[in-house]
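Please look over the sequence and the structure shown below before reading on.

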Amino acid sequence: MMKVMSTHELRETFLQFFESKGHKRLPSASLVPHGDPTLLLTGAGMVPFKPYFLGKEEAPAKRITTCQRCLRTADIDNVGKTNRHGTFFEMLGNFSFGDYFKREAIHWAWEFSTEHLQLPADKIWATVYLDDDEAMAIWHEEIGIPKDRIVRLGREDNFWEIGVGPCGPCSELYLDRGPEFGCGAPDCKPGCDCERYLEFWNLVFIQYHQDEAGNLTPLEKKGIDTGMGLDRTAAILQNAESIFDTDGMRSVIDEICRIGQVAYGKNDRDDVAIRVITDHARSITFLILDGVLPSNEGRGYVLRRLLRRAVRYGRLLGIKDSFLPQVAAKVIEAMQVAYPELEDRRDYILKMIGIEEERFQSTLDQGLGILQDLVDNLRAQGQKRLLGEDAFRLYDTFGFPLELTIEILGEQGMDVDVAGFEDMMEAQRRRARAAREQTGYLGDDDSIYVDLHREFTTEFVGYSQLEAETKVEAILSDGELVEEATMGQVVELITARTPFYAASGGQVADVGTVTGPKGAMEITTVDSPVGGLVVHRGRVISGAIQPGDTVLATVYGRNREGAACHHTATHLLHRALKDVVGEHVNQAGSLVEPDRLRFDFTHFGALTQEELDRVEKLVNDAIRANYAVTTNEMDFAEAQRDGAIALFDEKYGDTVRVVSIDDYSRELCGGTHVQNTGELGLFKIISEGAVAAGTRRIEALTGKAAVKHVAAQDAMLRQVCNLLQTTPAGLVDRVERLLHEHRELGREIEKLKTKLASSQSKELLDRVKDVGGVSVLAAKVEGLDSAGLRSLGDELKNKMESGVILLGSVTQGKVLFVAMVTPDVVKMGVKAGDVVKVAAQATGGGGGGRPDMAQAGGRDPSKLETALDLARDSIAKQLAMV
């Protein structure tokens with residue numbers, strides 16, 4: 001009989017089992033893959049270990065086990081409709097890096113499944129790759145599974161590969177849940193799309209390297225990558241019909257039902273909505289935990305899409321007010337045992353969800369208005385079917401699920417072209433698949449550096465010295481190894497030791513020179529494409545450099561000093577922001593250069609000037625305190641216990657470098673820093689603004705750059721004081737007096753313009769002409785802007801009582817027109833907008849307005865008189881048609 005376990009018990013049992021097999025337990029990595037541009041999100045348990053499988057980094061242990069949080073949206077349309085699909089899931093895994101292989105992986109999977117989970121052995125099926133006779137033999141001859149319960153599947157199902165790099169066949173474990181879950185087909189078995197056979201474990205045997213042509217070469221060091229779906233296996237052990245009926249999700253479902261006043265399990269329509277909201281609430285909670293913020297691209301778009309989809313399904317349940325923060329609170333409550341950091345960031349997560357949900361509610365209401373307009377148009381045309389492209393636009397732009405559109409139209413006796421909608425959806429899926437194919441499971445773009453790393457490593461000595469004698473190990477030109485680099489060539493240099501800091505953690509790389517016995521090279525960029533290997537890029541400025549040369553690598557001290565000052569300042573700024581704004585503030589990105597810093601942080605709104613002043617003061621107080629800046633290497637867990645801040649987008653090993661600024665600040669950091677905060681001298685915030693929803697950015701200066709900035713500001717202040725003939729102390733009073741005088745002069749000018757308009761009105765009335773029995777005045781006036789023209793026009797209209805007025809003026813080289821038509825003449829068919837349009841076009845401009853009043857502008861003052869004549873003719877033609 002299967003052992004009944006809670007989701008948390010299953011998680012712990014798995015990890016403890018593999019610890020007993022010599023595996024090192026590691027915590028779950030972030031949903032944001034570290035340093036991997038090929039992946040948007042962590043979608044598999046092996047993602048954090050790609051560098052180990054690729055040979056770019058050394059694994060902390062040969063055997064590792066984890067429970068990795070994952071997120072995939074490829075099957076988003078199946079979420080809620082099947083018993084097993086979700087965008088968020090946890091993957092239990094055991095991994096081997098050049099240690100054990102198929103036999104151990106298969107035996108341990110069987111041992112854990114049958115002895116620790118007590119799954120019925122006669123109900124377990126296995127799949128293997130078509131020609132993987134080795135795995136077939138182990139399952140049948142050693143484990144004892146009958147051949148008729150082992151299914152050979154093809155490359156599409158049982159071979160892990162995406163692009164160039166390590167790959168291999170896989171073997172999957174399925175549990176036969178019984179014919180009551182099946183499709184009834186006589187050949188139903190694993191691989192069928194029905195619900196009878198539930199896959200719960202996948203064993204990937206990484207044994208080949210695939211090149212660009214698709215050729216497979218056996219790997220010298222083979223690997224194991226397995227994944228057991230936590231929720232799927234919990235559903236099996238708890239005899240739950242679906243993953244949504246497990247203990248880990250039930251409290252979330254109950255909260256949704258409470259808010260929506262609906263019952264789970266009563267009808268399919270509501271159940272799908274409840275399941276979608278449950279799944280998506282888990283996804284958005286963990287995305288925000290891992291530092292993702294809503295946006296219109298990349299990971300932020302995934303978050304926004306999932307959140308808005310949850311809101312839309314809430315509408316299907318009749319929930320119209322904000323509700324997702326309440327649901328997310330239940331997610332945190334259910335998951336915090338395994339992820340205590342959820343509770344630490346609870347307030348921030350719920351606040352972020354609430355802000356984005358409220359923003360979308362207004363968009364959704366806008367979509368409802370557009371849908372009603374579409375319904376009105378259909379009704380006016382005598383139609384009863386909404387076009388598929390219109391339904392898709394509502395879905396894609398305004399977040400309307402097709403089900404909601406169908407429901408609203410059904411209430412009004414209409415339906416939707418579902419086939420047309422599906423065509424649009426399929427086109428979008430094709431675009432998404434094409435985009436996904438550009439990324440890789442184990443992409444291998446840095447293969448040249450991986451190969452070099454097998455032979456060379458670079459020792460970084462730059463924390464303690466800016467100059468080092470070293471040996472040139474290799475030279476690359478256009479990705480190829482060369483035996484010499486000569487003057488003028490741009491090449492990459494790999495050395496045995498280096499004082500050069502490679503760009504990382506937001507800090508830019510050092511620059512400097514490498515000087516050898518026969519030549520010299522200027523270093524302009526430095527990075528580390530593979531852990532332990534530093535690549536120096538630059539141009540040979542004299543002579544030649546060859547592999548084997550003993551060279552002197554020299555970092556430009558001024559640049560390093562500036563970068564170190566600004567890097568230490570980011571730590572002080574981070575701490576000050578937490579003290580002033582709140583502990584929810586976390587670094588969301590940074591740029592550290594020799595002459596400036598940029599610091600992105602999580603916060604919901606703009607900082608007030610008072611808050612910015614307080615932050616700046618705290619940083620300067622810390623500088624004046626001349627705190628000692630120290631670094632220590634320690635165990636990651638110990639560093640966290642000591643309160644060191646770890647950044648969400650960084651990946652940390654077992655041993656970490658902790659930068660402490662007395663007791664004021666403690667962060668995990670690999671960057672360069674000053675020895676005492678007093679070396680910074682001064683800190684000055686230059687700007688603060690928004691980067692994205694929930695993310696703010698501060699730009700600031702410290703050290704010599706700050707002093708230079710203050711000196712420039714002081715020089716500007718003196719210049720302004722000289723111009724205004726005052727002192728800095730009296731500048732504000734002087735400016736206030738000037739502004740007061742300016743306002744008074746403005747009022748005086750307006751009075752004079754009114755007098756001028758009044759005096760002109762008497763003269764202009766004498767120029768009124770009778771056109772077809774209507775009084776028409778088309779005249780040029782001097783010195784009036786738009787407001788003056790309108791004021792004069794109103795006065796003339798009142799005095800004329802009936803007629804058409806067109807006034808033109810030239811101001812600052814541009815032509816201005818105002819046209820007015822009294823109500824009785826409007827009824828005769830003359831419209832101010834038509835009149836002013838004729839005049840404006842004649843002067844190269846345009847404009848318009850109401851039938852009784854319109855204004856316009858033109859670019860050619862020389863055509864003003866001509867424009868007035870054309871307008872008179874136009875008025876006459878309009879009146880002649882009456």
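## Salt bridges within a helix and beyond

A salt bridge is counted here when a side-chain nitrogen of Lys or Arg lies within 4 Å of a carboxyl oxygen of Asp or Glu. The model is a predicted one, and it holds 48 such salt bridges. One of them joins Arg747 to Glu744, with 2.3 Å between the closest N and O atoms. These two residues, Arg747 and Glu744, are three residues apart in helix α21 (residues 731-765), and so about one helical turn separates them. Arg747 is partly exposed, at a relative accessible area of 45%, and Glu744 is likewise partly exposed, at 36%.

Salt bridges can also be found as a network, in which Arg304, Arg308, Glu356 and Arg359 are linked.

## Salt bridges between separate parts of the chain

The side chains of Asp176 and Arg196 meet in a salt bridge, with an N to O distance of 2.8 Å. Because Asp176 belongs to strand β7 (residues 165-176) while Arg196 sits in the loop between β7 and β8 (197-210), this pair ties together parts that are 20 residues apart in sequence. Are these two residues, Asp176 and Arg196, buried or exposed? Both Asp176 and Arg196 are buried.

A further salt bridge brings together the side chains of Glu561 and Lys704, at 4.0 Å from N to O. Glu561 is found in helix α17 (residues 557-580) and Lys704 in helix α20 (residues 703-724), so that parts 143 residues apart in sequence are tied together by the pair. Glu561 is partly exposed, with a relative accessible area of 40%, whereas Lys704 is exposed, with a relative accessible area of 58%.

## Strand β30 and its partners

Strand β30 (residues 774-780) is mostly covered, since five of its seven residues are buried. Strand β29 (residues 769-771) runs antiparallel to β30 and is joined to it by three bridges, and within this pairing Val771 has Val774 of β30 as its bridge partner. The two strands β29 and β30 form a hairpin with two residues between them, and Gly772, which lies in the turn, has a positive phi of about 60 degrees.

With strand β31 (residues 804-811), β30 pairs in the parallel sense over five bridges, and here Leu777 stands opposite Ile805 of β31. Between β30 and β31 the chain passes through helix α22 (residues 786-800), in a β-α-β crossover that is right-handed.

Definitions and conventions: Residues are numbered from 1 along each chain as its sequence is written. This is a predicted model: local features need pLDDT of at least 70, side-chain atom pairs count only at pLDDT 80 or more; totals for chains, interfaces and linings use all residues. Side-chain values use heavy atoms; hydrogens and water are left out. Helices (H or I, at least four residues) and strands (E, at least two) are DSSP runs, numbered from the N terminus. Buried means under 20% relative accessible area, exposed over 50%, partly exposed in between (1.4 Å probe, protein chains only). Two strands pair if DSSP finds at least two bridges between them. A crossover is right-handed if, with the strands pointing away from the viewer, the path from the first strand over the helix to the second runs clockwise.
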